[in-house]
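Have the viewer open as you read.

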Amino acid sequence: MIELADSHCHMDFPDYEASPVELMGNAREQGVRYLLNISVCLEDFPRVLEVAESDPEVYATVGVHPNYDGVEEPTADRLVELAAHDKVVGIGETGLDYFRHHVEPADQQARFRAHIEAGRRLGLPLIIHSREAREDTVAMAREAADQGVSGVMHCFAEDWDTARAALDAGFYISFSGIVTFKNAADLREVAKKVPADRILVETDAPYLAPEPYRGKTNQPAYVRYTAERVAAERGESLEELAAATTENFLRLFRLG
């Protein structure tokens, strides 16, 4: 029997036909035991927390996505306040996204630093989003590491040099359904190289459904397909990959 962890999903989003309880049930049928429901803005944090509170093995984070505008701006104090709940195990999703400039890069960086400071105060890991911002993201990951803060590069889609820099800064690397896409050969090469004690899998549901569901609404149950592909690329069984990624999930988020 396998036990997987979906290290990044958004079960509170309105995109699903199924309820969060049904999504959790579907996931358990596919061997997914642990789920991390990720915050993208403080206004929606109560919903994120509600999902986590509904199941003993579902957890939450608190944070503000780098490119969400028109939302409450996070301060370290506010993040620390909201993270006091025992279901909150991480800070984010934070990071940098220069693909769309809804929020100016300098403001994204300031927002990122507020999350780093909250992570430092609480001893909680960061969930980092990066899109077309690799150099600045790596620089800020090193800045976090200098303050004793680690975390995960979520939905990783960069090259090996970027992965190695993040690993050197103490971060984990998480692969989403992108790794199953036909045009993701380079990313699969990266997945082969990440050390067994630093690799995670995720869905980023409702987005980025893996093959054979690409183009459909993603859900946590589908993390199994990502895990199967990553395992095959690494020459491992699904059981081996599931055991490693779940152990890593529990270690990173201090759930052991």
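Glutamate 233 is partly exposed, with a relative accessible area of 22% (buried is under 20%, exposed over 50%, partly exposed in between, using a 1.4 Å probe and protein chains only). A word on the ground rules: this is a predicted model, where local features need pLDDT of at least 70 and side-chain atom pairs count only at pLDDT 80 or more, while totals for chains, interfaces and linings use all residues. Residues are numbered from 1 along each chain as its sequence is written, and side-chain values use heavy atoms, leaving out hydrogens and water.

Back to glutamate 233: its side chain meets that of arginine 229 in a salt bridge, 3.0 Å from N to O (the term means a side-chain nitrogen of Lys or Arg within 4 Å of a carboxyl oxygen of Asp or Glu). Arginine 229 is partly exposed too, at 30% relative accessibility. Helices here are DSSP runs of H or I with at least four residues, and strands are runs of E with at least two, numbered from the N terminus. Salt bridges with shared partners tie Arg229 and Glu233 into one network with Arg188, Glu189 and Lys192.

By the same rule, the count comes to 22 salt bridges.

| Pair | Closest N to O |
|---|---|
| Arginine 78 and glutamate 72 | 3.0 Å |
| Aspartate 77 and arginine 121 | 2.6 Å |

Aspartate 77 is exposed at 51%, and arginine 121 is partly exposed at 42%. In the other pair, arginine 78 has 26% relative accessible area and glutamate 72 has 29%.

Now for H2 (residues 45-53), where Phe45, Val48, Leu49, Val51 and Ala52 are buried. Seen down the helix axis, these buried residues fall within an arc of 155°, so they line one face; the arc is that of the directions from the axis to the C-beta atoms. Pro46 and Glu50 are exposed on the other side of H2. Covering the buried residues are elements including helix H1 (20-29), strand E2 (32-37) and H3, where contact means heavy atoms within 4.5 Å.

H4 also packs with a helix partner. Its axis and that of helix H5 (residues 134-146) come within 11 Å and cross at roughly 25°. Axes are lines fitted to C-alpha atoms, for helices over the stretch in contact, with angles from 0 to 180 degrees between N-to-C directions. H4 and H5 are therefore roughly parallel (angles under 35 degrees). On the H4 side, Gln109, Phe112, Arg113 and Ile116 make the contact, with Asp136, Met140, Glu143 and Ala144 on the H5 side.

Finally, the backbone. Most residues other than glycine have a negative phi, and most peptide bonds are trans. A cis peptide bond joins glycine 92 and glutamate 93, with omega about 25°, and glutamate 93 is found in strand E4. Another cis bond runs from alanine 205 to proline 206, with omega near 15°. Aspartate 204 has a positive phi of about 60° and is buried at 9% relative accessibility. Glutamate 132 has a positive phi of about 55°, but is exposed at 55%.

How values were computed: Parallel < 35°, antiparallel > 145°, perpendicular 65-115°, else oblique.
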